[in-house]
Amino acid sequence: MISPLLANIVLNKLDWRLEEAGYRFVRYADDFVVVCKDRTQAEAARAKVEEVLTELGLKLSPEKTKIASYGKGYEFLGFQLSSKSRTMRPKSQEKFKTKIREITRRCNNLDAEVIKRLNQVIRGTANYFATDFSTCIKLFQKLDKWIRMRVRCMKYKRKLTTDNARLRLGTFERKLGLLKMLDFTATTMGKSL
């Protein structure tokens, strides 16, 4: 793994060669996608990429490199992209949930610092995934519900559905100041609602 700055410097040659060959592509540091019309063109693009990387003394990662159709979907920069949806990939969801679990352990007390830490994680993840093109509304609703359940469990040191009445939905925003992931979609995805 190389740093993003070094990757941008080294992989400029790849950008130039792909452009010369007429390929459309997106690259962010050392992660990239080459868009092709059919499988034959995709295989030719892969051969071109391997050729350029060999010249640079690099090689493609076998685990990350594949030819996929937009209809079936593929993963790129934390997103699961397909013709039907553009949402968080399962690995990104699990990474997010792990961060939330660390903050909302039942052995900790619910206080302003916990809410502040939760809001940082929620804001960062929601800002990244709530883009103009993403379709995360239902997923964000599920994650918001799951976060509230975690906070209730932390506050009452147990998991009971009767605690929903004790710590109601409005309390999370008004009294605790807990952010909702869904609120981040209103500004960017509100046009499509």
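On a 1 Å grid over the protein atoms alone, a pocket is an open set of points with protein on both sides within 12 Å along at least five of seven lines, while a cavity is a set where a 1.4 Å probe fits but cannot get out; lining residues have an atom within 4 Å of a point. Grid points are joined across faces, edges and corners, and a volume is the space filled by probe spheres set on them.

This is a predicted model, with local features needing pLDDT of at least 70 and side-chain atom pairs counting only at pLDDT 80 or more, while totals for chains, interfaces and linings use all residues. Residues are numbered from 1 along each chain as its sequence is written, and side-chain values use heavy atoms, with hydrogens and water left out.

Here are the spaces, with linings sorted into nonpolar (Ala, Val, Leu, Ile, Met, Phe, Trp, Tyr, Cys and Pro), charged (Asp, Glu, Lys and Arg) and polar (the others, Gly among them).

| Space | Volume | Lining residues by class |
|---|---|---|
| Largest pocket | about 1,700 Å³ | 24 nonpolar, 6 polar, 15 charged |
| Second largest pocket | about 210 Å³ | 10 nonpolar, no polar, no charged |
| Largest cavity | about 60 Å³ | 6 nonpolar, no polar, 4 charged |

Of the 45 residues lining the largest pocket, Phe32, Val33, Lys64, Glu75 and Phe76 are the closest to its centre. Helix 3 gives the most to that lining, with 6 residues. Helices (H or I, at least four residues) and strands (E, at least two) are DSSP runs, numbered from the N terminus.

Val33 also lines the second largest pocket, along with others including Val26, Phe79, Tyr128 and Phe133. Valine 26 has valine 33, in strand 2, as its bridge partner. Strand 1 (residues 24–28) and strand 2 (residues 31–35) pair in the antiparallel sense over 5 bridges; pairing takes at least two DSSP bridges. The two form a hairpin with 2 residues between them, and alanine 29 in the turn has a positive phi of about 55°.

Now for the rings: Phe, Tyr and Trp (its six-membered ring) pair if their centres lie within 6.5 Å, and planes under 30 degrees apart are stacked, over 60 edge-to-face and the rest tilted. Phenylalanine 79 and tyrosine 128 are a tilted pair because their centres are 5.6 Å apart and their planes at 35°. Phenylalanine 79 sits in strand 4 (residues 79–81) and tyrosine 128 in helix 5 (residues 112–129), 49 residues apart.
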